[in-house]
Amino acid sequence: MTAESYVRSTAVMGTIATIEVVGCDSAETAVDTAFEWFRRIEACCSRFDTASELSQLSSKIGNPVPVSAILYEAVQFAIAVAEETGGAFDPTVGYRMEAAGFNREYHTGRPVQAAFDADDSVSYRDVLLDPAQKTIRLLKPMLLDLGAVAKGFAVDMAARELLPFKDFAIDAGGDLYLGGCNSEGRAWSVGIRHPRHDGELIDSISVSNQAVCTSGNYERGEHILDPRRAHATGNAVSVTVVAQTAMLADAIATAAFVLGPPEGIQLLERIGVEGLIITPSLERFETQGMRHG
Amino acid sequence: MAKISSSLTALSSAAILAVYAVGYHRTSAAADRFARQGEHESPEPPIVTNFVAPAQALPSFKSKLAVPPENALERAANRETATKTEIESNGSAPAVTPSDPAPAPVEVPPPSTPEDIARTPAPVLEAASPDIPPPPPPPSLPAALQYKDGTYTGWGSCRHGDIQASVVIEGGRIASATIAQCYTRYPCTWIEHAPGQVVARQSIKVDYVSGATQSVDAFKQAVAEALAKAK
């Protein structure tokens, strides 16, 4: 028995986001709302938009700045992941990405330049959060980059919005959340891109009520820098993480990409998520739960 | 280890619930305040934003098929698909307010444990290489019979450029779906599994792929547009 699905796509966050709601032809309003979360989070968390709340925060150094719930939660989570990964994931890597040439707004190609010289020693330890006042204080000039958190956060918010529908899929340029079952009543089938062989998948997994995110240096080119060394990483070509939330999967995939195997796998096991790391020589490193029986 | 596991997972779940509980209206207040300040400091209107660097900054990744797709999304915005699969123009959607639920919802994310993940190979996934012909269509798919015979084309766009799909309908069924033209920065070869899946499943739906799937999305849009013409 195959159920009809309501499917819509929209351009947001520099990619095409697709939402599919299974077995429901009246999901339009909920899907509109789900997409609006993407736009809302993008408006808060983009480092390419000088009007974004994140950019404005980056220009206020030394004082506690009251921020929205979206920005506070995104930064708080990013800092927690930075602490957990010993800086392999670090949202203060933004200025180094800009220095490395990741500084163009993609529609116009116009360079985006911070209005300050960031301190080379800046790290996540220079971001102070006040949970009571919901303020963020930046101790040094910096350019926060929430790219590895914001898109996953948006996927999660969309998933929360669609929770009443039970069976749905959200695809934000390969960052996925799969709720319930697909239109055939089975767990969702998710392919994992082969990092080197065009047109092939290196694996496929069945997923239900979980997020799947893959960080890799392929379609978008090299976009992950090692915050600890400020240059592109080289130990992995692709990292896929399956987790309960997309923001966790995305951030941890980024950190594991920087670490490479075997530290990356150790991180995944320690955090309690499943994952697969592919090296430049196409060697596979998997968490125990990811291995097929 | 379990403590760490629950802490990061719980933190992300708590973030989702916190923002959801606050809702769109209250969440937007601080952002709007910053935006107003931004207007004073920057006379230019807000630009469409992005979280990744463009490929142009990375010469080693430039495609052999490089055709500047400068108007790709603009073209997408001007193009309408008449099927259930729609592409919205960026920023043109009416403002919709995410729900502002009752205070303090005590909701738990969907139950999920690593054990919930079935580790069997996907039952419906065809990772067909270009050399392997697509499998024959299933014997009975009534939904596919609505198409009129002929060859139809459609366009799909992604930020990497445009893809044209060509769909052949024979006997009311999808006989073939191919990439007719590829004007993306990257070669289209890596999405060659998608056409085979369209034929095998008589549907625009291909499996979701983790890891930068914008080109696949563009192909799906293109097939959707072509199939709309075949009805």
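Among contacts in chain A between residues at least 6 apart in sequence, 59% link residues at least 24 apart. The model is predicted. Chain A holds 7 helices and 15 strands. Of its 293 residues, 67% count as buried.

**Helix packing in chain A**

- Two packed helices are described by the angle between their axes and the distance between the axes.
- Helix α1 (residues 28–45) of chain A packs against helix α5 (residues 147–162) of chain A at about 155°. Their axes lie 9 Å apart.
- Angles over 145 degrees count as roughly antiparallel, so α1(A) and α5(A) are roughly antiparallel to each other.
- The crossing of α1(A) past α5(A) is right-handed.
- From α1(A), the contact takes in A:A30, A:T33, A:A34, A:W37, A:F38, A:I41 and A:C45.
- From α5(A), it takes in A:A150, A:F153, A:A154, A:M157, A:A158, A:E161 and A:L162.
- The residues of this contact divide into 12 nonpolar, 1 polar and 1 charged.

**A sheet with strands from chains A and B**

- Strands of a sheet pair through backbone hydrogen bonds, either parallel or antiparallel.
- An open sheet of 3 strands runs in the order β9(A)-β8(A)-β5(B), with mixed pairing.
- The edge strands are β9 (201–207) of chain A and β5 (208–210) of chain B. Each pairs on one side only.
- From one strand to the next, the twist averages 35°.
- Strand β8 (residues 188–193) of chain A pairs with β5(B) in the parallel sense, over 3 bridges.
- A:V190 has B:Y208 in β5(B) as its bridge partner.

Notes. Residues are numbered from 1 along each chain as its sequence is written. Chains are lettered from A and ligands numbered from 1 in the order in which they are written. This is a predicted model: local features need pLDDT of at least 70, side-chain atom pairs count only at pLDDT 80 or more; totals for chains, interfaces and linings use all residues. Helices (H or I, at least four residues) and strands (E, at least two) are DSSP runs, numbered from the N terminus. A residue is buried if 20 or more other C-beta atoms lie within 10 Å of its own, exposed if 12 or fewer, and partly exposed in between; C-beta atoms are placed from the backbone. Two residues are in contact if their C-beta atoms, placed from the backbone, lie within 7 Å. Axes are lines fitted to C-alpha atoms, for helices over the stretch in contact, and angles run from 0 to 180 degrees between N-to-C directions. Angles under 35 degrees count as roughly parallel, over 145 as roughly antiparallel, 65 to 115 as roughly perpendicular and the rest as oblique. A crossing is left-handed if the near helix is turned anticlockwise from the far one by less than a right angle, and right-handed if clockwise. Ala, Val, Leu, Ile, Met, Phe, Trp, Tyr, Cys and Pro count as nonpolar, Asp, Glu, Lys and Arg as charged, and the others, Gly among them, as polar. Two strands pair if DSSP finds at least two bridges between them.
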